[in-house]
Amino acid sequence: MTHLVQGPGGFSPAGQPPRRKVCVVGLGYIGLPTAAILADCGYEVVGVDVRPDVVATINAGRIHVVEPHLDTLVERVVREGKLRAETSPCEADVFFLCVPTPITEDHRADLSYVEAASESIKPYVRAGNLIILESTSPPRTTEDVVIPHAIPDSLAIGEDVYVAHCPERVLPGRILIEAVENDRIVGGMTPACTQQVLDFYRTFVRGDIHATSAITAEATKLVENAFRDVNIAFANELSILAGKLGADPFEIIELANHHPRVNILTPGPGVGGHCISVDPWFLVDAAPEVTPLIRTARNVNDSKPHFVIEQVRAAAAAVETPVIGCLGLAYKSDVDDLRESPSLEIVRELAGEGLGELRVCEPYVTAEQFTEFPLHSVEDTIADSNILVLLTDHKPFRELTANDLAGKQLIDTRGIWRKLAVQTPVARPSLHVEDDHGDVLRRAA
Ligand code: SAJ
């Protein structure tokens, strides 16, 4: 849970009244927690979303996303009158832009939401305001999109209004903790912008706050996610390589990670979500000729679902009447988010191929929210299937026992069942590995 860090009364830069009213545009996975945290810190917060159903849900004290503890926080701050939602902005001291920056078919940023959100606040922007872009954005977005669309020509940047990019860096599933505890980067359009916005973040962030320019902040955020993507790509490539060697990739990684300077991430069915599978492309797009590694990592991760589908084909071919239980649709464990999910991509492909009957299980999504496939309970999926494909490592799947899985063919893309007794030992092909002197290092059984 969040606790009051300092709050609006604690910030009053020289010569200015404290900023008390905040308008957060975009009430999704980042905007809603941000709005709720600021409200909890004592600000008067108006959250804005173009979807009337989202606005109605929040004003009723409920939430439309799954995130631990967010429901109780929103219920409380709405009940206490500290947060309310609207379909259009209003005058405020501080404006946050927390809208999506999706990717187009040709791997370029779609900045139409940033543009629209910026336009929507323009009539309300006044001297003394802070305008903060939190959405992950390509280099130069603050300068080239936010400023021309949000700031009236009559106001001087860094003198009348203060504009900065402060990228969100929270991990879904830990948003309320990380939004307050993580270090933050404040990249202002001018040093005065940086200072004013940094002072504001100090009122609700407990982590260190680092000052820089807008363009450096934009690039740094993209680099963080590209770093993770490249490292996951290494793990995914390794998992395919280990399969070819007839070895268990998870065991190799576990052993290699005992080395003091090795820390390999975990292979999976691919990389999803609206961040890591998207943001590296913004760097590639910014300078394609110097980013071959980032591009290759993206391609490796995007190819991983096809490898999993290949494994399911092989398993289905070995069973007379295959019933394929697909466990998980979300992009990662214990969230309800299906955006760019490799698990969903795999299930769609399997449904199209008609390899056998499918049982699809996603415990965090209801049949009303998701109508593309019928959803089954964990129990029914396990009982009905002779092939189980673990796609997303949700808690209910991690809790399955050897008994639950006995007699099934298992394709465990995340390695969560490998230590259960039922796991079929990895086949060891006749493979001789020799060292430089011709000695056999390991002869497979
Ligand atoms: N994944 C693996 N193996 C791993 C780790 C992750 O296959 O070892 C997969 C996940 O299953 C998922 C994808 O990668 O499909 C991304 O998941 P994630 O947990 O790595 O990251 P996100 O997308 O939920 O959140 C990331 C975070 N960035 C970094 O850790 C550098 C978060 O801090 C950012 O705020 C967020 O992106 C964002 O909004 O940009």
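**Entry 1: a term, and Asp 106**

Before looking up any pair of atoms, I noted that a polar contact is a pair of N or O atoms within 3.5 Å, and that within protein one must be able to donate a hydrogen and the other to accept it. I also noted that this is a predicted model. With the term in hand I looked up Asp 106, whose side chain is joined to the side chain of Thr 104 by a polar contact of 2.5 Å. Asp 106 has its place in the loop between β4 (94-97) and α4 (112-121). Is Asp 106 buried or exposed? Its relative accessibility is 52%, and because exposed means over 50%, Asp 106 counts as exposed. I then compared Asp 106 with Val 94: the two are twelve residues apart in sequence, and from C-alpha to C-alpha they are 35 Å apart in space.

**Entry 2: the chain as a whole**

I next stepped back to the protein chain, in which there are 15 helices and 14 strands. For 445 residues, a compact globule would have a radius of gyration near 22 Å, and the 25 Å of the protein chain agrees with that. The C-alpha trace spans about 80 × 55 × 35 Å along its principal axes. Of the 445 residues, 50% are buried. The accessible surface of the chain comes to about 19,900 Å², and carbon and sulfur atoms account for 52% of it. I also looked at contacts between residues at least 6 apart in sequence, and found that 70% of them join residues at least 24 apart.

One pair I looked up for its separation in sequence was Arg 20 and Glu 44, which are 24 residues apart along the chain and 6.2 Å apart in space, C-alpha to C-alpha. Arg 20 is in the segment before β1 (21-25), and with a relative accessible area of 45% it is partly exposed.

**Entry 3: the ligand and its shell**

How many residues surround the ligand? I found 21, and the closest are Glu 168, Lys 221, Arg 228, Tyr 331 and Arg 414. By class, the shell is made of nine nonpolar, four polar and eight charged residues. Helix α8 (residues 214-245) gives the most to this shell, with five residues.

I then looked up distances from oxygen atoms of the ligand. An N or O atom in the side chain of Lys 221 is 2.5 Å from a ligand oxygen, and a polar side-chain atom of Tyr 331 also lies 2.5 Å from an oxygen atom of the ligand. For Arg 169 the atom concerned is a backbone N or O, which lies 2.9 Å from a ligand oxygen. Taken alone the ligand exposes 770 Å², and the protein buries 89% of that.

**Entry 4: Glu 168**

I returned to Glu 168, one of the closest residues to the ligand. Glu 168 sits in the loop between β6 (162-165) and α6 (175-181). Its relative accessible area is 6%, and since buried means under 20%, Glu 168 is buried. Its side chain reaches the backbone nitrogen of Val 170 at 3.3 Å. Leaving out residues up to four places away in sequence, Glu 168 touches Ile 30, Glu 134, Thr 136, Arg 184 and Lys 221.

**Entry 5: a covered helix**

Helix α10 (residues 279-286) is mostly covered, with six of its eight residues buried. Which residues of α10 are the buried ones? They are Asp 279, Pro 280, Trp 281, Phe 282, Leu 283 and Val 284, and these buried residues pack against α8 and α11 (292-317).

Most residues other than glycine have a negative phi. I therefore looked up exceptions to this general rule. His 69 has a phi near 70° and lies in the loop between α2 (52-59) and α3 (70-79). At 47% relative accessibility, His 69 counts as partly exposed. Asp 334 has a phi near 60°, a positive value in a residue other than glycine, and lies in the loop between β9 (323-327) and α12 (342-353). With 24% relative accessibility, Asp 334 counts as partly exposed.

Technical notes:
Residues are numbered from 1 along each chain as its sequence is written. Side-chain values use heavy atoms; hydrogens and water are left out. Helices (H or I, at least four residues) and strands (E, at least two) are DSSP runs, numbered from the N terminus. Buried means under 20% relative accessible area, exposed over 50%, partly exposed in between (1.4 Å probe, protein chains only). A residue is near a molecule or strand if one of its heavy atoms lies within 4 Å of it. Accessible areas come from the Shrake-Rupley method with a 1.4 Å probe; for residues, only the protein chains shown count as cover. Ala, Val, Leu, Ile, Met, Phe, Trp, Tyr, Cys and Pro count as nonpolar, Asp, Glu, Lys and Arg as charged, and the others, Gly among them, as polar. The radius of gyration is taken over C-alpha atoms; the globule rule is 2.2 Å times the number of residues to the power 0.38. Contact means heavy atoms within 4.5 Å.
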